[in-house]
Amino acid sequence: MTTLSEILNLLFGPDPELRQIILTTLRMSFASTAISALLGIPLGVLLGGNNFRAKPFVYRVLHTLMGLPPVVAGLVVFLLLSHSGPLGTLKLVYTVTAMVIAQVVLITPIITGLAANIVSVKAPLIRETAAGIGLTPWRAVLYTVYECRTQFVSTVLTGFGRAIAEVGAVQMVGGNIQFKTRVMTTAIMMQTNMGHFDIAIALGIVLLLISFVINSLVSRIEETVGMA
Amino acid sequence: MIALQDVLVQYNERVILDIPELQFAEGKRYGLIGENGSGKTTLLRLLAGTLSPTRGQVTRMGADGMGYMPQNPYAFSFSVLRNVEMALDGEAERETAAREALHRVGMDELAHASGSKLSGGEAQRMAFARMIAKPRRLLLLDEPTSSTDIKGTDLIEATLLDYLQANGCTLIFSTHSPAQALRLAEEVIFLDQGRIVEQGPAKSILEVPQNERTQLFLAHWRI
C-alpha cells in the first residue's frame, strides 16, 4: 500500500522524470490552448455574429467536431505526420509538436462552438443598438468582442481543461517517450498498467490539483459575469 | 423624405410586412400601434436600415441624423456615462452633452454605475438619453417606455416632446398604448398582420376608429 509520504516524496523529491512529465504536460497544454484560442475565438465571432445560408450546416459540422473522439483525431494527425504521410518530411511524429497539433484539432472546434454560442446571444442586440447610434458595423464587432471577453476567458480555460486531461490522441502521435513526449495522462496509464500505483497516484494528484485550479478560475469568472 | 414603396418583408414564406406605399413628412410625429406581431418593429427596423426588405424600396435619411432605439437596447458593461458618450463619437464636449442627457432623464446619480447593472427601466432611460444627447433629424423609438414605471414614462414623454420642439425632429415610435399614442403622436398608423389597416390624425383614429380591427384593438384598452 502506497503511503502519503511516499507520494509526497515522489512529487517534491529529487526524481527529475516527474518534473519533466509535469513540465511537458503544461507546455503542450498551454501551446495547444493558445493556438486553439487564436483560431477558435475569431471563428466563433464570425460564426455567431453573422447570418448566412450555410450556417445551419456549418453548425452541424462544428457540433460533430466538438464531439470528435480523441483517437480519431490522433489517427488523422498520425497518418498526416507519419513517415509515409503527406507531411512525413517534417519528421514531427512522436514529438511534442505533433501532440500540440492533435490537441489543436480537438480543442479548436470546442472553443469555436462555445464562442459562437456566446456571441450569437449578444451580437444581434449590440449590432442593432450600435446601428441605432450611428456606429459602424466594425465598431459593433469590436464592442461585441469586448462585451464577451470574460466568457471568452472561461471558454479558453475550458479548452485548457480538455487539453490537459486528454490521453488518446497524444498517446497515438506522441508515443509516450520518456523525457520527450511523456505527459501526465499517458504516464498515469502506463504506470497503472505496470502496477506502479504510487507514481500513478502522485501524477493523478497533480492533474487533479491543476484541474481544480482551472475550474476555480472558470467558476470565479462565471460568478463575475453573473454579477456584472 | 422618408418613404416606403411596394415593400414586402417575408420570412420562410410568411408575410411579416406588406406596405404598398407609405410616406412620412419631416418634422411630424407618428405613432405605430397594433398587437404583437403586427409589424411595428419590422417597420422601424426597415426605416433604421438594420433590416432589408424582401422586395421594394425604402427611402431614408443617412445614419448621421438618425437615432434608433430598439425594443431591447443593449446596456454595455462600462459606465452609464460612457454608454451615452458612445452616441457622441466625434462630437465636441462629449461628456458635458452626455451628462446633460442623463440629467434630463433623471439619471445623474447613476452616471458612474455599470450599464450592465441597471434595471430594465433604467436601461431604457439610459438608451433614451443616448437618443437625445445630440440634435437629430429623425428619431425611431421602438416601445420606448415598455419597461419604465409611470414616473419614468412621464419623464421620457415630457423630455421627448421638449426635444422634438427644440430640434424640429421627425418622430416615429411604436407603442401598445393608445393613450401614449394620443399624447405623443400627431398621426397614427394602425398595423395588423403586417398591413396598414388605418392611418390618420391621432385623435380621430383613436377616438372614432373606422376599421373593425382598430375598433377591436381599442376596445381592449377601454375600461
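At what angle do helix α3 (residues 55-66) of chain A and α5(A) pack, and how far apart are their axes? In this predicted model, the two helices meet at an angle of about 130 degrees, and their axes lie 8 Å apart. Angles of 65 to 115 degrees count as roughly perpendicular and those over 145 as roughly antiparallel; α3(A) is therefore oblique to α5(A). The crossing of α3(A) over α5(A) is left-handed. On the α3(A) side, the contact is formed by L62(A), H63(A), L65(A) and M66(A), while α5(A) contributes P109(A), I110(A), T112(A) and G113(A). Sorted by class, the residues in this contact comprise five nonpolar, three polar and no charged ones.

Along the principal axes, the C-alpha atoms of chain A occupy a box of roughly 70 × 45 × 25 Å. Chain A has 228 residues, of which 38% count as buried. Among contacts in chain A that link residues at least 6 apart in sequence, 78% are between residues at least 24 apart.

The largest nonpolar core comprises 115 residues. Those with the most contacts inside this core are V77(A), A102(A) and V173(A), together with V84(B), A129(B) and L140(B). Helix α5(A) is the element that gives the most to the core, with 21 residues. In soluble globular proteins, nonpolar side chains tend to be buried together. Leaving aside residues up to four places away in sequence, V173(A) touches G74(A), V77(A), F78(A), L81(A), V93(A), A98(A), M99(A) and A102(A).

The contact between the chains draws on eleven residues from chain A and 19 residues from chain B. On the side of chain A that touches chain B, the elements giving two or more residues are α5 (96-132) and α6 (137-147) of chain A. Of the elements on this side, α5(A) gives the most, with six residues. The class composition of the chain A side is six nonpolar, three polar and two charged residues.

In chain B, helix α1 (residues 40-48) is mostly covered, with eight of its nine residues buried. These buried residues are K40(B), T42(B), L43(B), L44(B), R45(B), L46(B), L47(B) and A48(B). Just after α1(B), a positive phi of about 85 degrees is found at G49(B).

How values were computed:
Residues are numbered from 1 along each chain as its sequence is written. Chains are lettered from A and ligands numbered from 1 in the order in which they are written. This is a predicted model: local features need pLDDT of at least 70, side-chain atom pairs count only at pLDDT 80 or more; totals for chains, interfaces and linings use all residues. Two residues are in contact if their C-beta atoms, placed from the backbone, lie within 7 Å. Helices (H or I, at least four residues) and strands (E, at least two) are DSSP runs, numbered from the N terminus. Ala, Val, Leu, Ile, Met, Phe, Trp, Tyr, Cys and Pro count as nonpolar, Asp, Glu, Lys and Arg as charged, and the others, Gly among them, as polar. Axes are lines fitted to C-alpha atoms, for helices over the stretch in contact, and angles run from 0 to 180 degrees between N-to-C directions. Angles under 35 degrees count as roughly parallel, over 145 as roughly antiparallel, 65 to 115 as roughly perpendicular and the rest as oblique. A crossing is left-handed if the near helix is turned anticlockwise from the far one by less than a right angle, and right-handed if clockwise. A nonpolar core is a set of buried Ala, Val, Leu, Ile, Met, Phe, Trp, Tyr and Cys residues joined through C-beta atoms within 7 Å. A residue is buried if 20 or more other C-beta atoms lie within 10 Å of its own, exposed if 12 or fewer, and partly exposed in between; C-beta atoms are placed from the backbone.
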